[in-house]
Amino acid sequence: MSIRIERSVYVSNDIGKLSGLTPIVQFQNTRAWVLLGDPGSGKSTTFQTLAQQEGGTCITVRDFLDGLRLNNLQPPLFIDGLDEATAIEGQTPFALIRRKLLELDTPTFRLSCREADWRGTVDSQALQRLVVEKWGENAFAELHLAPLNAQEVLQFAAHWLKSTDEVAQAFVKEAEHRDLDGLLTNPQTLRMLIEAVGNQSDDWPQSKAETYSQACAKLVKEQNEEINSS
């Protein structure tokens, strides 16, 4: 069973400064926006949730560029997974996405990627201009996915621990005590910490590197057990 949490974002203005927190659902009527975030921050999950809420289509960049499902796309388009796309004949993924959007008469869309991929590239700026030239200056927004807040950390922890709020609170306090609180605000690293530790209070990793190692070892063991039992 999945968990649905409404995420918030920071909004970048014309000079690159970020505004205060805003619920991402408030951008439902914006023609186009890009959602920037670190790996594992929850961009894909956020897109899937919003696509369901807005009656849009969530599609990977690869499928979008390959022309898959184009006859059944329902705007807004949530184009996800830019890191999976590669340049073709010297054209960057942003240039390829822009060309495909032009073929579709620039529908309402959302794009997710890492900030490093978006920032300062000529083709990302051209993609933004495509929207502004058709829909006006306020038609495009640059959003930065905010880290999980304290309440969201507890919600995710309780869900993945399959336990009560009290157990989740104890888990978070122990992580903070061990200086592992930096892993809590990213959904991916939070889940890895939970995979590594579970409910074993005496089996905590001593560092972030050990956390990743224990989590990966546990995942491999679970996969091997599934294979051997099948």
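This is a predicted model: local features need pLDDT of at least 70, side-chain atom pairs count only at pLDDT 80 or more; totals for chains, interfaces and linings use all residues.
Residues are numbered from 1 along each chain as its sequence is written, and side-chain values use heavy atoms, with hydrogens and water left out.

Start with the helices. Helices (H or I, at least four residues) and strands (E, at least two) are DSSP runs, numbered from the N terminus. Two packed helices are described by the angle between their axes and the distance between the axes. Axes are lines fitted to C-alpha atoms, for helices over the stretch in contact, and angles run from 0 to 180 degrees between N-to-C directions. Angles under 35 degrees count as roughly parallel, over 145 as roughly antiparallel, 65 to 115 as roughly perpendicular, and the rest as oblique.

Find helix α3 (residues 93-103) and helix α5 (residues 122-135). Their axes come within 8 Å and cross at roughly 20 degrees. The two helices, α3 and α5, are therefore roughly parallel to each other. The crossing of α3 with α5 is left-handed. That term means the near helix is turned anticlockwise from the far one by less than a right angle; clockwise would be right-handed. Contact here means heavy atoms within 4.5 Å. On the α3 side, the contact uses Phe-94, Ala-95, Ile-97, Arg-98, Leu-101 and Leu-102; on the α5 side, Asp-123, Ser-124, Ala-126, Leu-127 and Leu-130. Eight of the residues in this contact of α3 with α5 are nonpolar, one is polar and two are charged. In these classes, Ala, Val, Leu, Ile, Met, Phe, Trp, Tyr, Cys and Pro count as nonpolar, Asp, Glu, Lys and Arg as charged, and the others, Gly among them, as polar.

Now move to α6. Helix α7 (residues 165-177) packs against α6 at an angle of about 110 degrees, with the axes 8 Å apart. Helices α6 and α7 are therefore roughly perpendicular to each other. Their crossing is right-handed. From α6 come Val-153, Leu-154, Ala-157, Ala-158 and Leu-161; from α7 come Asp-165, Val-167, Ala-168, Gln-169, Phe-171 and Val-172. This contact of α6 with α7 has nine nonpolar residues, one polar and one charged. In the loop between α6 and α7 lies Lys-162. Phi of Lys-162 is near 55 degrees, a positive value in a residue other than glycine.

Helix α6 also meets α8. Here the axes come within 10 Å and cross at roughly 40 degrees. So α6 and α8 are oblique to each other. This crossing of α6 and α8 is right-handed. Val-153, Phe-156, Ala-157, Trp-160 and Leu-161 of α6 touch Pro-187, Leu-190, Arg-191 and Ile-194 of α8.

Next, a look at the backbone elsewhere. Pro-75 and Pro-76 are joined by a cis peptide bond, with omega about 0 degrees. Pro-76 sits in the loop between α2 (61-66) and β5 (77-80).

On a 1 Å grid over the protein atoms alone, a cavity is a set of points where a 1.4 Å probe fits but cannot get out, a pocket is an open set with protein on both sides within 12 Å along at least five of seven lines, and lining residues have an atom within 4 Å of a point. Grid points are joined across faces, edges and corners, and a volume is the space filled by probe spheres set on the points.

The largest pocket has a volume of about 760 Å³. It is lined by 34 residues, and those closest to its centre are Gly-40, Gly-42, Ser-44, Thr-45 and Gln-188. At least two lining residues come from each of α1 (43-54), β6 (109-113), α6 (150-161) and α8 (187-197). The largest cavity has a volume of about 30 Å³. Its lining consists of Ile-5, Glu-6, Arg-7, Ile-24, Thr-46, Thr-49 and Leu-50.
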